[in-house]
Amino acid sequence: MTAPGNCTPIFDRAAAEERAVFIGYLPVGYPTVPGSLDAMRALVDPGDGPGADIVEIGIPYSDPMMDGATIQRAATRALERGVRVRDVLAATEAVAAAGATPCVMSYWNLIEQYGCDAFARDFANAGGAGVITPDLTPDEADEWTPATDAHGVDRIYLVAPSSTDDRIKLTADAARGWLYATAVMGVTGARDTTSEAGHVLTQRIRRISPDTRVGIGLGVSDGAQAAEIGAYADAVIVGSALVRTLIDADDTGRPDDLTALRALTSDLARGVRAR
C-alpha cells in the first residue's frame, strides 16, 4: 500500500466528486522562466471553468530517458535560454499560490547535484507536495527516503506494463501519495488513441495494492481520452499535448499567447469530470 501523503487530499476530493484528478505537466523555463510561470498559472486557472488539480513541473535535463520529442524540444530551448534547477522553486511557489498542488518531475542526477536533503527541504519550503523520479528506483533510494521523510515530501515512483507483480508491490510500499503508471512502453508523446495497457496495469496495481492511488500517463492528448482513462484511473497525466501548444505559439512568434493552452486545459478538465 502506498502511504498517504501531501497529494492525498486532492485525490480524496476528486474521489468525492466521482472524477479523476487532472495532472498537467509543463517544463519550467519554456518559453522563458517568467513565461513558464504564466503558463502554469493558466494551467491552474484557464479562465473557462476548472483547470489542473496538480501541476507536474518538469526540470529540463540535457540527457532525458523518458521525454519524447515534444518535451525534449521545449527542454532544450529552456536550457539554451538559461533555466536553472533553482528556478523550479519559483515555479513551485507560483503553482501553490495559484491554488493547485505542485509536484516536480526530475531526473535523479539533478537532485543529487543539488543535494537530495537540500532539494527536499527547499522544495517543501516553497510549497511543494511530491517529487516524481523516473530514473530512481526504490531500491536505490537510500538517501532520498530519509530526506523526503524529514521534509514531508511525497515520493512518487513509476511502474510500467513490464513491471512484475513483485516490483509493483515493492514500489507501491516504498512510495507515498500515489504511483505513476505508464500506459505504454516508451517515451512521452500525444497519441491518437489510448492504450489498453494502462487499464490492465491499473487492474494489476489494484489487485496487488488495493489502496494505492494510480495516475496514468503517456499518450493523452484531449478531453475524450482523459475521460476514457479517468473512468478507471485515479488521475490522468497530460504532458506533451500541453507543451505542444506552447511550442506552436513560440514558433509563430507569439510565445506569450496562451490561448491554445487554456482551451486544451479546459477540454481536459471537462474530460476528467465526464465519467
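1. Two strands are taken to pair if DSSP finds at least two bridges between them. By that criterion strand β7 and strand β8 (residues 214-217) run parallel and are joined by four bridges, with T182 finding its bridge partner in G217 of β8. Please keep in mind throughout that this is a predicted model.

2. On its other pairing, β7 is joined to strand β6 (residues 158-159) in the parallel sense over two bridges, and V159 stands opposite A181 there. The path from β6 through helix α8 (residues 165-174) to β7 makes a right-handed β-α-β unit. Within β7 (residues 179-182), L179 and A181 point one way while Y180 and T182 point the other way, and all of these are buried.

3. Strand β1 deserves a separate look, because seven of its seven residues are buried, so that the strand is largely enclosed by the rest of the structure. Both of its faces are covered, V21, I23, Y25 and P27 lying on one side and F22, G24 and L26 on the other. β1 pairs with strand β9 (residues 235-238) in the parallel sense over four bridges, where V21 has A235 as its bridge partner. Five bridges join β1 to β2, again in parallel, and in β2 the partner of I23 is I54. The chain crosses from β1 through α2 to β2, and this β-α-β crossover is right-handed.

4. Which residues does UniProt list for "active site"? The record, an unreviewed entry, gives E56 and D67, and annotations of this kind may be inferred rather than shown by experiment. E56 lies in strand β2 and counts as buried because its relative accessibility is 3%, against a cut-off of under 20%.

5. S106 sits in the loop between β3 and α5 and is buried, with a relative accessible area of 0%. Not counting residues up to four places away in sequence, S106 touches I59, I111, I132, T133, P134 and D135.

6. Does the length of helix α4 agree or disagree with what its residue count predicts? At 1.5 Å a residue, the 12 residues of α4 (residues 87-98) should span 16 Å, and the end C-alpha atoms are 17 Å apart, which agrees. Its buried residues are D87, V88, L89, A91, T92, A94 and V95, and what covers them includes α2 (33-44), β2 (54-58), β3 (101-105), α5 (108-114) and α6 (116-125). After α4 comes G99, whose phi is positive, near 105°.

7. Helix α6 has C116, A118, F119, A120, D122 and F123 buried, and its buried residues pack against α4, β3, α5, β4 (130-132) and α7 (144-151). Just after α6, G127 takes a positive phi of about 100°.

8. Six aromatic pairs are found in the structure. The rings of W108 and W144 have their centres 5.5 Å apart and their planes at 70°, so this pair is edge-to-face. The pair links distant parts of the chain, with W108 in helix α5 and W144 in helix α7, 36 residues apart. Both count as buried, W108 at 12% relative accessibility and W144 at 0%. Separately, F11, W178 and Y180 form one aromatic cluster.

9. Most residues other than glycine have a negative phi, and most peptide bonds are trans. E18, in the loop between α1 (8-16) and β1, has a positive phi of about 55° although it is not a glycine, and at 62% relative accessibility E18 counts as exposed. The peptide bond from Y30 to P31 is cis, with omega near 5°, and P31 is placed in the loop between β1 (21-27) and α2.

Key. Residues are numbered from 1 along each chain as its sequence is written. This is a predicted model: local features need pLDDT of at least 70, side-chain atom pairs count only at pLDDT 80 or more; totals for chains, interfaces and linings use all residues. Side-chain values use heavy atoms; hydrogens and water are left out. The expected span of a helix is 1.5 Å times one less than its number of residues. Buried means under 20% relative accessible area, exposed over 50%, partly exposed in between (1.4 Å probe, protein chains only). Contact means heavy atoms within 4.5 Å. A crossover is right-handed if, with the strands pointing away from the viewer, the path from the first strand over the helix to the second runs clockwise. Rings of Phe, Tyr and Trp (its six-membered ring) pair if their centres lie within 6.5 Å; planes under 30 degrees apart count as stacked, over 60 as edge-to-face and the rest as tilted.
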